[in-house]
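Here are a few notes to read alongside the model. Have a look at it first, then come back to the points below.

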Amino acid sequence: MLNLSAIVDAWRGWLKRQAHGGSRFFRPGSPKVFAVIGLAAAMLTGCAMVEEEPIDADQGQQRLAEAIELASIYDYAGAIAQLEPVMPAFQPGTEEWSQACYVLASAYRYREPVGQEGVEKSRALFARIRDESSNHNLIALSLLELAREAELENYSAESADLPRARQLYRTVMADYPGSAFSAEAAIRLANTYFTLESARENLEQGAGILQNYLQEYPDNPLSVVMWQQLGLANQRISGDAQAALQNFERAEELGFAVPTKKDNQLWVMAQLAEKTDDVQLAARLYQAILTETPRAGEGSFAKERLKEIAREHPEWSLVIPERQTFSSRRPDVVGQDPENQTP
Amino acid sequence: MKTPFSTSWISLGLLAVVYVVSIFHIFAQSFNGAADSNERVLRIVHWQLEPGYREGLQWAIDEYNSLPHVREAGYRVQQQAVPERIYGQFLNVHLISGTAPDLAALGMSRVVKGNTVARFFQSVSDQVVAPNPYNSPETLPGYLSESEKQAIAKMGWQETFLDGMKGGFIQDLNDYFAVPVSAFGSIRLFYNMDLVQEAKALVLSELAAETRPSWLADILGSSGDLPEDARLMVWLNNGQPPESLGQLFLLCEAILHIAKQPGREALIPISASGYTNNDVARKVYHPIFLAEVARALDRDYSSTLDAVEIIGGWQSGLWKFEHPEVEESIRMLQRFADYYPSGFYGLDREQAQRRFVHGNALLISTGGWDAASIFRSVAAKSEEARFEVRVTTAPLAHEGERWSQYIKQPFSEAEFKAGVPLAINKATPHPELALDFLRFITSVRVNEEFNQRVGWLPVVVGAEPVDSMRAFLPQIEGAPTGLQLSFGSQALISQIRIALEGNMKLVVDGDMDYDTFVDIAEDVITDGRIGAEKQWYERWQKANDQTIAYDQSLNIESIKQYIMGDDSAMDRRKSHLYEAVYNDQGYWVRLLWDNVHPDEAFPER
């Protein structure tokens with residue numbers, strides 16, 4: 001009969017015999033023991049030798065390309081595995097080194113779970129880019145990352161260093177005037193005031209940073225984000241609907257930062273307009289919801305209110321746009337030819 | 001000594017036989033593969049096991065496989081349907097091991113979601129702008145005019161989708177990663193029209209009688225459910241399903257009366273079950289009932305209701321359990337429960353569907369995904385057992401009916417997203433073929449016939465659904481879907497959710513009275529350890545934890561822009577930066593707390 005416990009007992013007995021030197025195969029002092037130890041040592045040495053084998057530039061390039069691809073799809077562990085062993089192959093200060101350093105630093109920064117080791121490694125690498133790279137874009141991005149790391153409590157044992165974060169943001173603003181980097185630094189710097197527990201007391205300071213920047217660089221690449229951020233601060237922190245609305249209107253002119261959320265942004269503006277009794281503006285925004293975002297969830301609310309406003313103000317001759325239905329034949333496509341309507 | 005024979009050897013022997021058969025099967029498969037080694041196979045995996053789906057998809061696949069350029073290139077498309085229960089696990093394992101099919105339906109996986117989608121699947125953003133080559137005018141259906149055909153042929157691929165391809169858009173990545181191929185519509189009521197007519201006939205005969213039975217007198221009189229007016233009489237004689245909530249109640253009462261007749265005991269008005277979509281009161285009417293409250297709670301006008309807005313609203317008195325709309329909403333649930341089978345929470349979806357199909361219920365509520373199966377099952381019945389099925393939206397309360405001040409506007413389906421989003425596996429050796437197949441199956445002609453065969457809704461402009469599915473086309477009018485005050489909201493912490501939803505079920509079942517429900521709910525919400533304070537803190541913590549995810553997205557766009565040279569990354573960077581600022585360290589939760597509790601410190605744990 002096949003007995004499992006008997007097999008386990010036999011196995012235990014064999015192990016015991018090995019441990020007590022009772023084995024016929026591994027007798028103490030037997031050449032076989034030395035042979036096994038020697039083989040293991042040779043294998044380990046071999047491994048060590050493989051580790052130490054120099055990596056040529058081509059291999060480094062190839063690994064870098066793979067690491068960039070992996071990091072771009074959120075595979076940070078994969079990017080680290082590709083780059084870590086080949087970093088010595090890159091000459092510090094070169095373009096390849098800068099790229100490799102930036103990707104590796106990013107991978108350490110954002111590999112989950114975020115912990116002390118990763119944050120410290122990334123901090124050191126971003127700092128090296130700042131000090132040794134000649135790629136100005138990557139230097140600016142590294143400064144922004146260093147600032148952000150200082151701003152946040154990255155892991156439970158670490159506390160934020162706001163003065164350092166602000167100083168780094170100001171450095172980027174000063175070194176890269178009018179660029180997307182300095183605009184991002186200004187946005188982040190302003191938010192260090194808006195996110196404080198004492199946000200109300202600090203609202204002016206944060207808003208001032210954005211307003212000054214917009215005054216100096218009105219056409220900067222991130223101006224729409226700044227206008228929306230100002231509007232948001234007015235709406236959330238001070239509850240100043242009028243100011244919020246004005247800022248959001250500037251953003252609307254430029255095209256909102258998140259185009260897929262245009263419907264709700266228009267709705268928010270319409271509600272702020274109602275709050276400030278600017279019914280005419282509210283009506284325009286309701287019309288925009290119905291015509292520019294036909295799939296808006298707020299469409300019915302907008303239409304109802306627009307009808308009310310039209311009744312209250314017949315002198316405005318408000319047009320109430322028809323909503324686009326989900327018949328399988330959309331009105332903007334079908335029905336153009338009167339000869340051939342829906343069967 | 002002879003060892004006695006052990007039965008364990010039999011199991012060992014069976015194991016060996018199964019092993020040998022498996023090995024043989026694997027080798028046989030390998031040899032088959034070797035025989036067709038010139039053929040390149042593209043595999044599609046999905047979890048749509050609903051009756052007819054695989055057959056419909058197979059039709060589209062066969063059409064594609066017979067295209068000259070596909071045959072000449074030696075390609076063949078195959079589908080693999082995996083049960084919903086194990087789909088997520090199946091996909092995770094195969095994606096990680098690099099053996100996943102070339103095209104996969106996104107969803108069900110807890111691992112492959114959000115940012116992680118980008119690790120395993122290809123973005124299709126670069127392809128969605130150009131027109132779909134399979135929509136050339138000569139291939140488009142004959143009922144479209146020439147100008148319509150020209151318009152569709154020139155439209156960008158994304159624009160040809162009824163939902164603008166939203167069903168394949170991943171907000172976290174700000175990118176299109178999948179192409180939806182079918183839609184199934186939202187919740188609707190399926191009526192057994194034979195029973196509708198029988199119930200109406202009963203009501204008409206009782207109205208004509210000298211004395212009215214108490215059930216009819218109650219509903220048309222003292223209860224205030226339904227005014228006895230000209231509209232009622234028109235409807236009773238027009239052969240249509242209920243057009244108002246009061247009319248629905250009237251038919252339900254009539255069915256309860258019919259069920260008292262000998263041999264009709266199995267009959268019930270509404271075939272409900274523990275499957276939420278079968279519980280029309282909780283799924284459809286309860287959120288409608290509280291829609292006005294929900295709108296008042298939406299402090300940031302985001303048109304979505306956050307857990308802290310619900311709880312903060314209660315703390316600041318914007319809603320209370322004593323408010324009439326809240327108390328009445330529970331009465332409405334109790335009222336519906338009178339029309340459900342007893343112990344309906346213990347029944348499952350199949351049991352509810354079977355009851356309806358067997359003609360033992362006036363109606364069932366469920367989604368369009370069950371429509372084909374219901375229609376087919378009823379059509380397969382014998383002629384005398386077969387009945388007409390009519391599908392409508394849940395009727396609202398007409399003016400003068402009970403609860404008409406609350407049940408007056410449905411939720412809009414304008415933001416609907418098409419389903420079965422197929423994504424291209426990054427590791428596929430045939431990315432062009434996968435993309436080509438997606439274009440083919442979402443062309444007007446193919447998408448129309450494929451979904452007509454399946455009995456679901458097509459997803460592209462100009463494609464017609466089967467008549468029975470027209471009732472599932474999204475209804476655009478109504479309140480934003482995000483504004484639903486639900487006691488079962490997953491955003492609520494479990495302790496509060498159980499106190500609200502769990503106990504609400506007991507109230508509905510009659511196992512708890514409303515006052516006890518309120519006492520327990522208020523005790524839990526005001527409990528310093530497990531109540532509102534915990535909700536606030538956990539919401540802030542969750543929002544704060546998401547900070548790194550927004551920064552991660554920004555960082556990746558910077559790699560794409562400044563290292564990979566992708567100029568389109570700037571627009572995505574802009575969007576991600578605004579999202580990062582909007583949600584930064586969950587500061588909005590603390591600001592909301594300050595609005596609700598101006599002089600109190602934010603709860604810390």
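1. A quick term before we start: a residue is called buried if 20 or more other C-beta atoms, placed from the backbone, lie within 10 Å of its own. By that count, five of the six residues of strand β7 (residues 187-192) of chain B are buried, so β7(B) is largely enclosed by the rest of the structure. Strands here are DSSP runs of E with at least two residues, helices are runs of H or I with at least four, and both are numbered from the N terminus.

2. Some housekeeping: this is a predicted model, where local features need pLDDT of at least 70 and side-chain atom pairs count only at pLDDT 80 or more, while totals for chains, interfaces and linings use all residues. Residues are numbered from 1 along each chain as its sequence is written, and chains are lettered from A and ligands numbered from 1 in the order in which they are written.

3. Which strands does β7(B) join? Five bridges link β7(B) to β9(B) (residues 361-367), running antiparallel, and four link it to β10(B) (residues 389-392), also antiparallel. (Pairing takes at least two DSSP bridges.) Look at B:F190: it stands opposite B:I364 in β9(B) and opposite B:V391 in β10(B).

4. Over in chain A, helices α12(A) (residues 241-254) and α13(A) (residues 262-275) pack at about 140°, with axes 9 Å apart. Axes are lines fitted to C-alpha atoms over the stretch in contact, and angles run from 0 to 180 degrees between N-to-C directions. The two helices are therefore oblique to each other, meaning neither under 35 degrees (roughly parallel), over 145 (roughly antiparallel) nor 65 to 115 (roughly perpendicular).

Note on methods: A residue is buried if 20 or more other C-beta atoms lie within 10 Å of its own, exposed if 12 or fewer, and partly exposed in between; C-beta atoms are placed from the backbone.
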